2 protein chains.
Amino acid sequence: MNPIEGHLPSRSPLHDILAPTGIAVIGASSDSTKRGYKAMVGLIKDGYRGEIYPVNPKADMILGVKAWPSVTSIPGNPQLALICTPAATVPGLIAECGRRGIKGAVILASGFAEVGGEGAELEREMMAKAEAHGVRIIGPNTSGMFNLHHRINLLALDNVKPGDVGIISQSGNMLLSLALEAQHNGHVGFSTYVGPGNQSDIGFNDYLRYLGEDEHTRVATLYVEGFRDGRKFLEVAREVSAMKPVVVYKSGSTEQGQKAASSHTGALAGSYAMTVDLLRQSGVSMVQYSDEILPVAEGLGLLQKARGKRVAVISDGGGQATIASDRLAEAGLELAELSESTRAQLREVLFPQASTVNPVDVAGSTDANPSLLATCMEIVAADDNVDSIFLVGMFGGYSVRFAESLLGDEMRGAEAMVDLANATEKPLVIYSLYTPIKPPALRRLHEAGLPVYASIEHSVRVLAALGDRGQHLAQYHSHARTAAVEPLPALDAMFRQARAEGRDLLEYEAKQLLREHGVVVPLELVARSEAELAEAAARFGDTPLAMKIVSRDILHKSDAGGVRLNLVGEAALHEAREAILASCRAYDPDAEIEGVLVTPMAQKGVEVIIGVIRDPIFGPVLMFGLGGVFVEILEDVAFRAIPLSRHDASSMVDQLKARRVLEGARGEAAVDKEALVDLLLQVSSLVEAYPDLKELDLNPVIVNADGYAVVDARVIVDRETDVSDKEAH
Amino acid sequence: MNPIEGHLPSRSPLHDILAPTGIAVIGASSDSTKRGYKAMVGLIKDGYRGEIYPVNPKADMILGVKAWPSVTSIPGNPQLALICTPAATVPGLIAECGRRGIKGAVILASGFAEVGGEGAELEREMMAKAEAHGVRIIGPNTSGMFNLHHRINLLALDNVKPGDVGIISQSGNMLLSLALEAQHNGHVGFSTYVGPGNQSDIGFNDYLRYLGEDEHTRVATLYVEGFRDGRKFLEVAREVSAMKPVVVYKSGSTEQGQKAASSHTGALAGSYAMTVDLLRQSGVSMVQYSDEILPVAEGLGLLQKARGKRVAVISDGGGQATIASDRLAEAGLELAELSESTRAQLREVLFPQASTVNPVDVAGSTDANPSLLATCMEIVAADDNVDSIFLVGMFGGYSVRFAESLLGDEMRGAEAMVDLANATEKPLVIYSLYTPIKPPALRRLHEAGLPVYASIEHSVRVLAALGDRGQHLAQYHSHARTAAVEPLPALDAMFRQARAEGRDLLEYEAKQLLREHGVVVPLELVARSEAELAEAAARFGDTPLAMKIVSRDILHKSDAGGVRLNLVGEAALHEAREAILASCRAYDPDAEIEGVLVTPMAQKGVEVIIGVIRDPIFGPVLMFGLGGVFVEILEDVAFRAIPLSRHDASSMVDQLKARRVLEGARGEAAVDKEALVDLLLQVSSLVEAYPDLKELDLNPVIVNADGYAVVDARVIVDRETDVSDKEAH
């Protein structure tokens, strides 16, 4: 019931080609089995108001429209070409299109990069022509596009109606499936569809920006097998999702699926878990199952967001109230605690045996009086503890099931619900078991823009998406992302030296990097001699110490006998140093040994891991998890794209399945979460300052109630890229 | 396409009352808003062929049927009474029914045990009358029942048709919802429905037995909030599921849902995870989401089972093949590896760009020739590596989407699929994105008994259920459950003594119990004196030993300073014994100390936990999990009802999310799974022999590549029940 909140200002170059005033159909045909026929039918039947130019050297007229023998012979001013001819013809045709002033081409043919080898070569050739002639490419290997508000239906789909769901899908069957579901649902219509295919030129981020700007699109819905420029996509998604919902189904959640996807569009698939985390961070509403895409898109499009995650359930059947409670809890939503005044008002209108504890169970009170359900919804909507309202049961079916005479009261109930939806900012999500047969009261709700669901499960996905979106928007406006720090000359020099020596940072260098940027790193002293060790011993007194070898040549310190723990007193330190040096020399006689490092033993606490990688698709990404089996066996880790906001960092901790370990399970005190969040933010902000930092690994960091201790730190130096290159960038 | 495999021989006493030849409707009414009117309409309209006896003191005729002033005035021989009057009238009416020879009563009224207090009292009063007069009770607090093959439609549901899905649902709305879905689906019909309500007399196990015997029921489908006699249910489910599929949706998967459920039917809800494990062990097909109940019931009813979990996917769209691959992997199913000969045959019929690696992607080959999909299904069905076939895409819609002229070929394809389904034992599961609009080819498939799904997700749930069922049936016939061992007199005496002394078994007694029944327990010696300790020292030589206090008064041995580890040599043992005795005497000066126990230190390995509880609903249950965070934080444990089969024990290990730890993650060798399975079976078989064993806890057991070591064992003795009572039982 919410209006579209806004659009991005128009900057996308795609408007001309996705809403063209003239279209050339290359390979137009009178043979009804050909795509060049279908496209002509789609344009003519839907009443496209621009010019249509069929191109076919063997025909004068196609479907009553004058045909042209070649692209170059077309008069007028077509902006888009639909190319229906085989792959081999495409590069030549693109050049012709460019010469004719056509700005974009939709290329249906497959046989390009997705088949590898010669196909990939053909795609490169096509792109060279496209760049030389200024033609933008949709596809190749695409199912096509439509823009229903401009009556451009190049797929000639029957029974799709104009509406406000925009779709970008790397699967043509998925589009067909959504269109059939929408036809069946009867209320969802579409704005623009594009199949990005191989994304050889225009990619998901460009299409999403277009949908963000498109005034006809209320919700952008994407089926993605793989991104080309994931980093850019995250930025565009961040901007667009602040204006309108962005719904993404990402395939390849399993290795098996990733293999299938890469043979389909040749898409590079990163880790699914990471992709989900990063997209959610950018405000995207992720959908886990393909049959939830349309329900979630419809719900977000119409209802936009909820203020929080506290749901009031109004139900006329205890069993379904139970199912709803289970699903809400599984989805991380709460049953709102109704205020005493709300419960008193409910008691006033309901039978004594009704339950006014959420989930509210009317227990027969509405059997002869279904509009009372609307009254209950009004009562709970006024409760400050409630963020959204979920009606569960047989509303709309009372007149079918009990007595036709109830129809009038049901229609009054529907009107009251529509009025409530217009009066409140809290979303009303309605599940009715009568949805499949579309009784009048439900039709009325749908017509008024209230979605009505046929599945409790789908309804709860919508409630969860509304809550997530509300939460995202709230933090979006209150939590800025960390700015990159200024790189320090001394540290820059340290990276340069490591590069020059062809090595990564030494542990103490990595820790220095952290320390200089505000991370609390326990005092460490490198002792290069007996004398320096004596100084260190004096400095630490009788604090128990750890000692480790310092050598660029010894990576696995423990294996080399290069680590000794719990050392107290100068004598123990000297003995340990001798033992370590002897052992390391025996381990690798050629190792260049700088000395030993001494540091206080870490306090007891929980081991966590903080890592940074530069992902080829998504750029710099921060990883956080608990140490040991949690990360190794259970893969219980969280990812965020750098830079992070404070909310991002905090939500990484909350997201872990084993977060209870940090919250003080097993009789321990809860760890200092604020200190941990600060640490994550400090890491986020220093990474961008040093382009040579390729990977960072703090493993372990010990966290406890008093703070944290970075026990080990590794920094991998990028030795492949030319630095000057990066600095220019 | 499989015939119903069989039925249990008839033993259920419910046949008379669920398929009665005469029905009394107590509270029959001419008021169309009353249930007593609805029921009359249902019976008359559906053409019930037995006698109908409306009972209403204020009417002579109701809906054209002669009414009777009271139950006792009814002539003839009604077997069932439908009681539509308020709760308070019920006990008296039950007595009247009994005197009139009526064998069963359906009691619609609520206000019994589910509201507690006086309601519970009223329920007891009713049950006393029922038992005294030999009347069986359906309900109370039930939505009613129907038996469509006998034209008994007490709910007066429109548009349900007779079929082979039997339903027992503790939620009336759930039944309505399934009926509407079935109406919409157009192909699912129902046999018998019963709402068990409060199960004050007849419970789920009785109804399930009835459905198992009912010749009209091909699949039993249950919505359960709580069981009354879970142990009995498991046994009945085991028997019935060997003959026909049993599908269960259990609500209360979360604490929030359990709370909602218990206020609905007053049902006791055990741990959801345990319930799921035990029901699956009994051959039940568990459904996780309510919107999957009907698809899974239909699929299992028609397709019955698969030989294994290797699925061949035939697809005409790469994107949906990817989604299918993801869902299959998530559901624990495999993509079958097609044989070279299968792939060669596929290559022969498909375009060169098609993928013949599973998932098979026809890549346009079928656009003008959709029946080729059936050919592909025939080819993969002949492959020995394939257990089931999954068609994914737009079959049925080619003639809608591409050209009407394809209809003939599509119909030929559908015929070929029907023929294939009849010729092979491998199930064909068909998803079409055109399912919502029911095109002719899909209607043909449905009419021939092949289910057609509208969601990839639901299709995969069906494939998983078929695979699970096939696996269950295979092991059911090959893996007998362990028999209880004969109790040993000495151990019986040990339990008696512990009972007499009001204590649990001491650790060494618990270990003796295990040892006597074949469990390998490390040698342990109890040293009650210096001299005995010297003997023990001689016996163990220089093996490192652990020493623990033996005292019935000291439960937390470590807290009392009663444990010392890694002791080598006699001197160390004597020193340790002195220290332990001193510390324990200081800890509890009144403690009666028997001595110390010495045993070799356990080898390195993985800590696991084996527990036995006697659950109030399900009886003796074995629990298995990994130690530490896995069980405490992640609740990663498996449950099986005792007795177990070898398959049960083995599947407990495989079921753990962290099973990789046992399979040799982190560079360790895999543990000896066979030894672990033997241990689980030994525990299973000894528990039943000792009714006084209330709980058993082996924590930890260390397992490694060489076997296992039971490090600690606790046995809680049942001190409440009278032993003679149990022995009689």
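Student: How do you know whether D409(A) is buried or exposed?

Tutor: This is a predicted model, in which local features need pLDDT of at least 70 and side-chain atom pairs count only at pLDDT 80 or more, while totals for chains, interfaces and linings use all residues. Residues are numbered from 1 along each chain as its sequence is written, chains are lettered from A and ligands numbered from 1 in the order in which they are written, and side-chain values use heavy atoms, leaving out hydrogens and water. Now to your residue: buried means under 20% relative accessible area, exposed over 50%, and partly exposed in between (1.4 Å probe, protein chains only). D409(A) has 11%, so D409(A) is buried.

Student: And how do you know which class R412(A) belongs to?

Tutor: R412(A) has 54% relative accessibility, so R412(A) counts as exposed.

Student: What makes D409(A) and R412(A) a salt bridge?

Tutor: The rule asks for a side-chain nitrogen of Lys or Arg within 4 Å of a carboxyl oxygen of Asp or Glu. Here the closest N and O atoms are 3.6 Å apart, and the pair qualifies. Both residues sit in helix α15 (residues 407-423) of chain A, three residues apart, which means about one helical turn separates them. Helices are DSSP runs of H or I with at least four residues, strands are runs of E with at least two, and both are numbered from the N terminus.

Student: How many salt bridges does this rule give over all chains?

Tutor: The count is 71. Among them is E575(A) with R564(A), at 3.3 Å. This pair links distant parts of the chain, 11 residues apart: E575(A) is in helix α21 (residues 570-587) of chain A and R564(A) in strand β23 (residues 563-567) of chain A. E575(A) is partly exposed at 44%, and R564(A) is partly exposed at 28%.

Student: Which residues are linked in a network of salt bridges?

Tutor: They are E507(A), K511(A), E524(A), K548(A) and K557(A).

Student: Why is helix α6 of chain B called largely enclosed?

Tutor: Helix α6 (residues 204-213) of chain B has 10 residues and nine of them are buried, so the rest of the structure largely encloses it. Those buried residues include F204(B), Y207(B) and L211(B).

Student: What makes β9 and β14 of chain A edge strands?

Tutor: Two strands pair if DSSP finds at least two bridges between them. Seven strands of chain A form an open, mixed sheet in the order β9-β8-β11-β10-β12-β13-β14. The strands β9 (152-153) and β14 (285-287) of chain A each pair on one side only, and that makes them edges.

Student: How do you know that β8 of chain A pairs with β9(A)?

Tutor: Two bridges join strand β8 (residues 145-147) of chain A to β9(A), and the two run antiparallel.

Student: How do you know which residues of domain 1 and domain 4 of chain A form a salt bridge across their interface?

Tutor: An automatic or database domain assignment sets the bounds, with domain 1 at 15-299 and domain 4 at 606-728 of chain A. The rule finds one salt bridge across their interface. D277(A) and R640(A) have their closest N and O atoms 3.8 Å apart, within the 4 Å limit, so they form a salt bridge.
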